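This report describes a protein structure in terms of its surface, its fold, its cores and selected residues. Please consult the sequence and the structure alongside the text.

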Amino acid sequence: TVRVTTNAPPNGGKLTIYGNNFGNNPDFIQVSMVPQANDIPDVPCENLTIISPHTEISCSVPRFNLSYGAIPSFTVEVTVDGQILSSNVAFNYATSPIGNDVLSDDILETDELGNSATFNVFLLEDNDQTVYVDLYSSDTTRGKLQPSSLTFAPHDTSKKTVTVSGVANGNNTNPPLPYYIYGK
């Protein structure tokens with residue numbers, strides 16, 4: 001039996017796993033998060049530590065690679081000395097609700113001359129913990145972000161301004177191509 005009691009934020013963190021028959025030698029234990037989406041590779045859990053021999057382990061889940069798009073659900077796979085103990089325990093990267101002041105049908109325009117646009121990011125609900133938001137451009141050859149990460153202190157209700165700048169290449173004759181900004 002294996003059960004996971006923690007989720008990790010998208011930028012990674014500690015995962016604690018409870019179960020039976022883990023043994024007492026971390027060299028023989030491997031933990032992977034197997035995505036339920038077929039086009040995403042397994043995510044290894046690193047720096048494995050035995051908290052309580054045979055019954056409790058922890059490991060570090062790396063930051064999720066957002067170039068894969070939306071964060072899928074995962075199955076935790078614990079292998080001890082080559083034998084899989086479990087492959088049906090769910091794991092999810094925890095997410096904090098964030099919002100922005102751009103309506104879904106709004107278009108922010110930048111161009112290849114380096115012109116920019118701005119928008120605000122904010123938390124949709126009060127939070128008791130610090131919230132970190134990493135921002136990404138779907139095409140960094142078209143648009144870059146400043147800043148690329150935001151930090152909201154506990155109970156921070158402020159709006160944080162993000163600037164998206166077109167990448168200057170001196171040629172503004174190409175047709176407009178969309179790119180997207182997303183945060184996790």
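## Surface and burial

The protein exposes about 10,700 Å², of which carbon and sulfur atoms supply 45%. The model from which these values are computed is a predicted one. Of the 184 residues in the protein, 33% are buried.

## Secondary structure and contacts

The protein contains 14 strands and zero helices. Its pattern along the sequence is accordingly written β-β-β-β-β-β-β-β-β-β-β-β-β-β. Among contacts with a separation of 6 or more, 61% are between residues 24 or more positions apart.

In soluble globular proteins, nonpolar side chains tend to be buried together. In this model, the largest nonpolar core comprises 21 residues, and the members that touch the most others are Ile 29, Val 31 and Met 33. Two or more residues of this core come from each of the elements β2 (13–19), β3 (29–35), β4 (43–52), β5, β6 (74–80) and β7 (83–91). A further core lies apart from the largest one; it has 12 residues, including Phe 119, Leu 135, Val 162 and Val 164.

Beyond the residues up to four places away in sequence, Val 31 touches Ile 17, Pro 44, Cys 45, Leu 48, Ile 57, Cys 59, Val 76, Glu 77 and Val 78.

Cys 59 belongs to strand β5, which spans residues 56–61. With a relative accessible area of 2%, Cys 59 falls under the 20% cut-off and is therefore classed as buried.

When neighbours within four places in sequence are set aside, the contacts of Cys 59 are Gly 13, Lys 14, Leu 15, Val 31, Cys 45, Glu 46, Asn 47 and Leu 48. Leu 48 is 11 residues from Cys 59 in sequence, and their C-alpha atoms are 4.3 Å apart.

## Salt bridge

The protein has one salt bridge by the rule applied. The side chains of Asp 156 and Lys 160 form this salt bridge, with an N to O distance of 3.0 Å.

The two partners fall into separate accessibility classes, because the limit for burial is 20% relative accessible area. Asp 156, at 18%, is buried, whereas Lys 160, at 22%, is partly exposed.

Definitions and conventions. Residues are numbered from 1 along each chain as its sequence is written. This is a predicted model: local features need pLDDT of at least 70, side-chain atom pairs count only at pLDDT 80 or more; totals for chains, interfaces and linings use all residues. Side-chain values use heavy atoms; hydrogens and water are left out. Helices (H or I, at least four residues) and strands (E, at least two) are DSSP runs, numbered from the N terminus. Buried means under 20% relative accessible area, exposed over 50%, partly exposed in between (1.4 Å probe, protein chains only). Contact means heavy atoms within 4.5 Å. A nonpolar core is a set of buried Ala, Val, Leu, Ile, Met, Phe, Trp, Tyr and Cys residues joined through side-chain atoms within 4.5 Å. Accessible areas come from the Shrake-Rupley method with a 1.4 Å probe; for residues, only the protein chains shown count as cover. A salt bridge is a side-chain nitrogen of Lys or Arg within 4 Å of a carboxyl oxygen of Asp or Glu.
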